[in-house]
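Here are my notes on the model you sent over, point by point. Have the structure open while you read.

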Amino acid sequence: MSIQLYTQYRRALKTAPFSADYAEYEWYRLPQRMHMSLMPYGTMLREFSAEIANEINALINYAHRLAAWEEVMRPLTDQRKLDVLVEFVSPIASLALGMPYSIRSRFLFAAVHLCHQVNQLQHGKRWVDKLPPDREFFSYLQSICVNTQVSYNFPTFR
């Protein structure tokens, strides 16, 4: 059963609608010549943007795979659907569901570290490094986000 279903999936993957655009790489513009003090910024920007693009593109691929599995599962009995869910779909879906948080975390990490580099250059010798170590980074960001008052006019649902 597994080989036959996987063969159907591979056929469905070729024909499943694919309407998403992949994230671009090297979408930024850095000057051809930069001062040596900007090299860490340029290197970080290149690495962080590639990591984020890879994560976004992986999420797009997982969504496409799930669409193909949906097509394969449509005519199956409930028991066979359950078998396919457990063996093939659940691992992909679990990864895909966690990726938005992972992408968000990478954006936050990149933004803070890139701003940190710019601040260091702008303030020169007066600069004081207050960025916590990476292992404490997200709890630090969480404390900033929790203590910041943001007001939205969302409707209340009861």
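1. Start with Q117, which counts as buried because its relative accessibility is 13%, and the cut-off for buried is under 20%. Q117 belongs to helix 3, the stretch covering residues 78-123. Setting aside neighbours within four places in sequence, Q117 has contacts with P40, Y41 and M44. Bear in mind throughout that this is a predicted model.

2. Now the overall layout. The protein chain has 4 helices and 0 strands, so you can read the element order from the N terminus simply as α-α-α-α. Of its 158 residues, 25% count as buried. If you take contacts between residues at least 6 apart in sequence, 74% of them join residues at least 24 apart. As for the surface, the chain exposes about 12,000 Å², and carbon and sulfur atoms supply 57% of that.

3. Which residues have the most contacts inside the largest nonpolar core? They are Y9, A68, W69, V72 and V84, in a core of 17 residues. Helix 1 (2-15), helix 2 (39-73) and helix 3 each give two or more residues to this core, and helix 3 gives the most, with 6 residues. As general background, nonpolar side chains in soluble globular proteins tend to be buried together.

4. V84 is a handy place to look at that core up close. Not counting residues up to four places away in sequence, V84 touches L5, W69, M73, L76 and V89. Of these partners, W69 is also listed among the core residues with the most contacts.

5. There is also a second, separate core, this one of 6 residues. Among its members are Y28, L45, F48 and A110.

6. Next, the second largest pocket, with a volume of about 170 Å³. What lies closest to its centre? Of the 13 lining residues, the answer is W27, F48, S49, I52 and F107. Helix 2 and helix 3 are the elements that give two or more residues to the lining, and helix 2 gives the most, with 6 residues. By type, the lining divides into 11 nonpolar residues, 1 polar and 1 charged.

7. Then W127, in the loop between helix 3 and helix 4 (134-146). Leaving out residues up to four places away in sequence, W127 touches H116, N119 and Q120.

8. Last, a backbone point to check. E26 has a positive phi of about 50° although it is not a glycine. For context, most residues other than glycine have a negative phi. E26 lies in the loop between helix 1 and helix 2. Its side of the accessibility table is clear: E26 is exposed, because its relative accessible area is 54% and the exposed class begins over 50%.

Technical notes: Residues numbered from 1 in each chain as written. Predicted model: local features only at pLDDT ≥ 70, side-chain atom pairs only at ≥ 80, totals over all residues. Heavy atoms only, no water. Buried < 20%, exposed > 50% of the residue type's maximum accessible area, 1.4 Å probe, protein only. Contact = heavy atoms within 4.5 Å. Core = buried A, V, L, I, M, F, W, Y, C linked by side-chain atoms within 4.5 Å. 1 Å grid on protein atoms, 1.4 Å probe; cavity = no way out; pocket = protein on both sides within 12 Å on 5 of 7 lines; lining within 4 Å. Points joined across faces, edges and corners; volume = space filled by probe spheres on them. Nonpolar A, V, L, I, M, F, W, Y, C, P; charged D, E, K, R; others polar. Areas by Shrake-Rupley, 256 points an atom, 1.4 Å probe, with all protein chains shown as cover.
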